[in-house]
Amino acid sequence: MIEIIETRDIATCRTLRRIVFIEEQGVSEADEVDDKDDEAIHLLAMQNGQPVGTARLLVQCGTGKVGRVCVLSAARGTGLGAALIRAAVDRLRMVPGVEKVKLGAQTHALGFYERLGFAAIGEEFDDAGIPHRDMVLML
């Protein structure tokens, strides 16, 4: 059973991000850890009671930003990632004044986000050594 909750358990979210971004993808700790966790909304995906994914939501000037999205390798391909993004968009819809959702997608995941209604904008850019493109979804 998959459950997605809003959480203040930032330590668990950081542990998941460490496994996926730092250990699997080779992102440096300096690039992964920043000072925005305290101001963010954190979503935690649970599968059979175990944390398996997370996303971080920030709001600025009418834009909701979805970031630090990760799913443990054992839970990939189960639909959990799509459920996590849908939950993030639904949560941002509840924030007064938010008119669009933006994210920086790793280029290999562009199709995944396009299937969820996002459109790529701008040029490809490097983020922590990984090619990305910005994507946006109007609410």
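The following paragraphs go through a predicted model, from its paired strands to its cysteines and then to a histidine and a threonine. Local features need pLDDT of at least 70 and side-chain atom pairs count only at pLDDT 80 or more, whereas totals for chains, interfaces and linings use all residues. Residues are numbered from 1 along each chain as its sequence is written, and side-chain values use heavy atoms, with hydrogens and water left out.

Strands and helices here are DSSP runs numbered from the N terminus (strands: E, at least two residues; helices: H or I, at least four). Two strands pair if DSSP finds at least two bridges between them. Strand β2 (residues 41-47) pairs with strand β3 (residues 50-60) in the antiparallel sense, over 7 bridges. In this pairing, leucine 44 stands opposite threonine 54 in β3. The two strands form a hairpin with 2 residues between them, and asparagine 48 in the turn has a positive phi of about 50°.

β3 is also joined by 7 bridges to strand β4 (residues 63-71), and these two run antiparallel. Here leucine 58 stands opposite lysine 65 in β4. β3 and β4 form a hairpin with 2 residues between them, where cysteine 61 in the turn has a positive phi of about 50°.

Relative accessible area sorts residues into buried (under 20%), exposed (over 50%) and partly exposed (in between), using a 1.4 Å probe and protein chains only. Cysteine 61 counts as exposed because its relative accessibility is 78%. Cysteine 70, by contrast, is buried, because its relative accessible area is 3%. A disulfide is a pair of cysteine sulfur atoms within 2.5 Å. The sulfur of cysteine 70 is too far for a bond, because the closest cysteine sulfur, in cysteine 13, is 8.2 Å away. The count by this rule comes to 0 disulfides.

Histidine 132 lies in strand β7 (residues 130-138). Its relative accessibility is 7%, so histidine 132 counts as buried. A polar atom of its side chain lies 2.7 Å from the backbone oxygen of isoleucine 130. Contact means heavy atoms within 4.5 Å. Leaving aside neighbours within four places in sequence, histidine 132 is in contact with residues including Gly104, Gln106, Thr107, Glu124 and Phe125.

Threonine 107 is found in the loop between β5 (100-106) and α4 (110-115). At 26% relative accessibility, threonine 107 counts as partly exposed. With neighbours within four places in sequence left aside, threonine 107 is in contact with Glu124, Pro131, His132 and Arg133. Threonine 107 and valine 59 are 48 residues apart in sequence and 23 Å apart in space, C-alpha to C-alpha.

Technical notes: Polar contact = N/O pair within 3.5 Å; in protein donor to acceptor, adjacent residues only side chain to side chain.
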